[in-house]
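Dear colleague,

I am handing over the structure we spoke about, and below it you will find my notes on what I found. Please read them with the model open beside you.

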Amino acid sequence: METEEDSPVAGPTVSPLAACLRNPDLLRLFDYWRSKRGGRLMPARQDIDPLEIGWALSRIFLMDYTPEQGFVYRLAGAEISKVFERSNLKGLTLRDVVKPGRWPLIEGAWRKVVEGPSVVCMTGMVYYGVDRTSAGERLLLPLADEADGPVTGVLGMTVTRWLTDDVPEELKQAKVESRNVSEIE
């Protein structure tokens, strides 16, 4: 029997992202992020404690964001680094690891995190920037050093499976949904 502590979604209410995300670990990370807001629109990077989310470490990434550099990896779990065939992504920009011709589409989805600021969820082919085909879900959560922004970082998690057969048409491009942080309780 699942206890509330084991439950992927803390508390008795359904997550406001349940309509676009199905993976219980992503919903659990979203609830963790919400719990760290402390009455602010977004938590700060220092509010995120990897020891509190040990169950997710291999699949999460933490990035810094500045308008000049864009998204820069601070931390990437082993599963994330493996996708990009690197042992460590620290210090690399998102643009450094994505295939050049695919960058404009990827950047458009990621910029929503900053411009909203918004929580962004993606479903379908979540690793468009690599040469293999995946089906999964990704969650991008904005972080801000100041209570009302601007966004200075991103906490994210990707859950995926790699496809080897013909790819269904609906998975050939990720579906991207965003929700402004001001709309999230």
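In which strand is the place of leucine 143? Leucine 143 belongs to strand β4, which covers residues 133-143. Please keep in mind throughout that this is a predicted model. Leucine 143 has a relative accessible area of 1%, and because the cut-off for a buried residue is under 20%, leucine 143 counts as buried. The C-alpha atom of leucine 143 lies 9.3 Å from that of valine 114, although 29 residues separate the two along the chain.

To give the overall picture, the protein has four helices and six strands, and along the sequence these follow the pattern α-β-β-α-α-α-β-β-β-β. Of its 185 residues, 46% are buried, and the protein exposes about 9,800 Å², of which carbon and sulfur atoms supply 48%. Among the contacts with a separation of 6 or more, 54% are between residues 24 or more positions apart.

Helix α1 comprises residues 24-35, and because 12 residues at 1.5 Å a residue should span 16 Å, the 16 Å between its end C-alpha atoms agrees with expectation. The buried residues of α1 are Leu26, Leu27, Leu29, Phe30, Asp31, Tyr32 and Trp33. Asparagine 23, which lies in the segment before α1, caps the N-terminal end of that helix, with a side-chain oxygen 2.8 Å from the backbone nitrogen of aspartate 25. Asparagine 23 counts as buried at 18% relative accessibility, and, leaving aside its neighbours within four places in sequence, asparagine 23 is in contact with Glu137 and Val159.

Strand β1 runs antiparallel to β2 (residues 70-76), to which six bridges join it, and a hairpin of three residues connects the two. Within this pair, methionine 63 stands opposite tyrosine 73 of β2. Once neighbours within four places in sequence are set aside, the contacts of tyrosine 73 include Phe61, Leu62, Met63, Ile80, Phe84 and Leu94.

In soluble globular proteins, nonpolar side chains tend to be buried together.

Two peptide bonds deserve a look when you go through the loops. Most peptide bonds are trans. A cis peptide bond, however, joins glycine 116 and proline 117, with omega at about -15 degrees, and proline 117 lies in the loop between α4 (103-115) and β3. Another cis peptide bond joins glycine 149 and proline 150, with omega at about 5 degrees, and proline 150 lies in the loop between β4 and β5 (153-163).

Serine 118 lies in strand β3, which covers residues 118-124. Is serine 118 buried or exposed? Serine 118 has a relative accessible area of 6% and is therefore buried. Leaving aside its neighbours within four places in sequence, serine 118 is in contact with Lys112, Val113, Leu140, Pro142, Ser178, Arg179, Asn180 and Val181.

How values were computed
Residues numbered from 1 in each chain as written. Predicted model: local features only at pLDDT ≥ 70, side-chain atom pairs only at ≥ 80, totals over all residues. Heavy atoms only, no water. Buried < 20%, exposed > 50% of the residue type's maximum accessible area, 1.4 Å probe, protein only. Contact = heavy atoms within 4.5 Å. Areas by Shrake-Rupley, 256 points an atom, 1.4 Å probe, with all protein chains shown as cover. Expected span 1.5 Å × (residues − 1). Polar contact = N/O pair within 3.5 Å; in protein donor to acceptor, adjacent residues only side chain to side chain. Pairing = 2+ DSSP bridges.
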